[in-house]
Amino acid sequence: MVLFIALMAYIVYFTVVRARTVVNSPYNQRQEAFAETVIRGRITDRNGNVLAETDVAEDGTETRNYPYGDVFAHVIGYSDPDYGNTGLESVENFELLTSNAFFVEKIQNEFSGEKNMGDTVVTTLDADLQQAAYDALGSYKGAVVVMEASTGRILTMVSKPAYNPNTIAADWSTLNSDSDNSPLLNRATQGSYAPGSTFKIVTTLAFMRQNSGYADYTYDCTGAITRDNVTIHCVNNSVHGHEDLRSSVANSCNSSFANIGLSLDIGKYRETAEDLLFNSALPSVLNYSRSSFALNEDSDTAEIMMTAMGQGKTMASPYHMALITQAIANGGTLMEPYLVDSVTNYAGTQIRRNVPKSYARLMTSAEAAQLKEYMTAVVEEGTASVLSGRSYTAAGKTGTAEYSQSDSSRTHSWFMGFTNVDNPDLVICVITEGSDGSAGGKAVSIAGEILDSYYN
Ligand SMILES: [Zn+2]
């Protein structure tokens, strides 16, 4: 009797808890068995625009069709019998191959040998905003992430160069051999970049935590700082003069941040970075690369100065920097980012719905409010002033990250920020690879273009 009950308990546990994981496993050959009785369901944006659907020809041949071509390539992914599933096609494989079609209809299909229609996955993505971000990025390699500040809903995730999921099988060998462009890589979550000056927000928080009198910080910038025979320059050798912490952030003053970095307790600096999810897992259903913060007690002066201003060995993805920004905009609490709003049957009857939930508190609300004020100064009087005077208010941080040892004029351009500062609305993070020099200029102008299209 005991053995029987244990067996039953395991079957129930397996069906309820484990089935989804097992079915979604790429090692499970039986996925094809599901596909024999169910036509793979649709994926739509939040307004019902179809992002992926299966067309069935008269002879029964099924073709997965992606109406937006390469615009949603990385976030939606592809589903191909020979090359498997990626993106949401992989994450939601179980739902797409499950049919909650009406009971009577399923019985009729059973008798007539017809397939049932799989369920529809309604994403949080916004096709108009995604298209605007795709267009604004133009021919740059890079990525854009947009999410709602108070809910964590992801509205946009663009990565370029992209690929066309409609022709994935035909293009497979070309895409895989293109190591210069890595078009299959989702740069938004898997891209690993030096965060450049966007990381000064992390350094600022560490300084605030280690100095209760941080508001009294002052520094006289002469355009460069030298310690232990290592010299750090401000961008274009700008001389920023007398600064406090706020203007150091607004001007993105490298010298001031190198100075701040040298004053920090490195162990506590590391703790702050790790509170912001460096060296740790991120909440993400998509594959991502972990961010790294490498300073320790043995790091030398050069390494500390470089790290404080966002260079050195620190690496982060655009997605991660968007999460940090979201937590700041949301009063210190990071909302768990999500991509699926609901699952319905093919006729639109709701099966389940995701609701916003908090993931972790990354900082106190007082710390978030202070960083928000500094990021507002960046837009009002600092390096992102091109975003001031628009139909919405914005706060943020620009960044320029050097990545070439041989050619320091080649830089990645960053912007991370949020809109409607008093009651934050959208969080945005943009990176463009290989722009020419000028302090974060490209990414911030692209962010402005995307936000304009949303609000106007
Ligand atoms: Zn300076």
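**Ground rules.** I am working with a predicted model, where local features need pLDDT of at least 70, side-chain atom pairs count only at pLDDT 80 or more, and totals for chains, interfaces and linings use all residues. Residues are numbered from 1 along each chain as its sequence is written, and side-chain values use heavy atoms, with hydrogens and water left out.

**Thr-333.** I found this residue in strand β15 (residues 333–335). Strands (E, at least two residues) and helices (H or I, at least four) are DSSP runs, numbered from the N terminus. Leaving out residues up to four places away in sequence, Thr-333 touches Gln-326, Ala-327, Ser-358, Ala-360 and Arg-361; contact means heavy atoms within 4.5 Å.

**The sheet.** Next I traced an open sheet of 6 strands, in the order β4-β3-β2-β8-β16-β17, with mixed pairing. β4 (62–65) and β17 (350–353) are at the edges with a single partner strand each, so one side of each has no neighbour in the sheet. Two strands pair if DSSP finds at least two bridges between them.

β8 pairs with β16 (residues 340–344) in the antiparallel sense over 4 bridges, with Thr-120 opposite Thr-344.

What covers the faces of β8 (residues 120–123)? I noted that both are covered: Thr-120 and Val-122 on one side, and Val-121 and Thr-123 on the other, are all buried.

**A nonpolar patch.** On the surface I found Met-1, Phe-4, Ile-5, Leu-7, Met-8 and Ile-11 forming a nonpolar patch, with about 660 Å² of accessible area together. Areas come from the Shrake-Rupley method with a 1.4 Å probe. Patch residues have over 30% relative accessible area and no salt bridge, and nonpolar side chains are joined within 5 Å. A salt bridge would be a side-chain nitrogen of Lys or Arg within 4 Å of a carboxyl oxygen of Asp or Glu. Met-8, in helix α1 (residues 2–24), is partly exposed at 38%.

Note on methods: Patch = residues over 30% accessible without salt bridge, like charges linked within 9 Å, V, L, I, M, F, W, Y side chains within 5 Å. Buried < 20%, exposed > 50% of the residue type's maximum accessible area, 1.4 Å probe, protein only.
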